[in-house]
Amino acid sequence: ASQIPDPKTYEACDNRDADFTGERDKLCQEYLSNVNNMVAIKALGSLLYSGRTIKFKVFYRHNGIQGVVKVSQNKFFFEAASEYLSFSVDRALNLTYVPPTAYVSLPVD
């Protein structure tokens with residue numbers, strides 16, 4: 001049985017509000033990383049074969065929230081981690097340009 005998330009977690013992911021704070025980031029990351037909040041995952045293609053990362057679009061249960069999941073691969077192991085690093089550097093420099101980013105463990109089955 002899946003748990004009902006605290007509304008504060010998905011409200012913190014509202015992309016119309018770019019006033020990011022540490023508290024909002026933490027709440028949104030909690031929501032994004034919980035696979036029980038996902039309703040669908042769709043494979044994304046790459047334009048002109050220039051993309052090197054396997055990507056999926058994730059559709060979440062609340063407020064029309066959508067995200068992109070990048071999967072690590074043998075040749076590009078750190079590609080997915082670089083997204084989280086970009087988010088972390090953005091926050092460390094207090095730029096707040098990068099939307100909340102979270103690690104997600106997707107079940108294989």
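## Charge over a ring

In this predicted model, Arg-91 lies over the face of Phe-20, 4.5 Å from the ring centre; the criterion is NZ of Lys or CZ of Arg within 6 Å of the ring centre and within 35 degrees of the ring normal. Residues are numbered from 1 along each chain as its sequence is written, and side-chain values use heavy atoms, with hydrogens and water left out. As the model is predicted, local features need pLDDT of at least 70 and side-chain atom pairs count only at pLDDT 80 or more, while totals for chains, interfaces and linings use all residues.

## Disulfide

The whole structure contains 1 disulfide, defined as a pair of cysteine sulfur atoms within 2.5 Å. Cys-13 and Cys-28 form it, with their sulfur atoms 2.1 Å apart. Cys-13 lies in the loop between α1 (7-11) and α2 (22-32) and Cys-28 in helix α2, so the bond ties together parts that are 15 residues apart in sequence.

The torsion about the S-S bond of Cys-13 and Cys-28 is about 115°, so the disulfide is right-handed. Cys-13 is buried at 13% relative accessibility, and Cys-28 is buried at 2% (buried: under 20% relative accessible area; exposed: over 50%; partly exposed: in between; 1.4 Å probe, protein chains only).

## Aromatic pairs

The structure holds 4 aromatic pairs (ring centres of Phe, Tyr and the six-membered ring of Trp within 6.5 Å; planes under 30 degrees apart are stacked, over 60 edge-to-face, the rest tilted). Tyr-84 and Phe-87 have ring centres 5.7 Å apart and planes at 50°, so this pair is tilted. Tyr-84 is partly exposed at 27% relative accessible area, whereas Phe-87 is buried at 5%.

Ring pairs also link Tyr-10, Tyr-31 and Tyr-60 into a cluster.

Definitions and conventions:
Helices (H or I, at least four residues) and strands (E, at least two) are DSSP runs, numbered from the N terminus.
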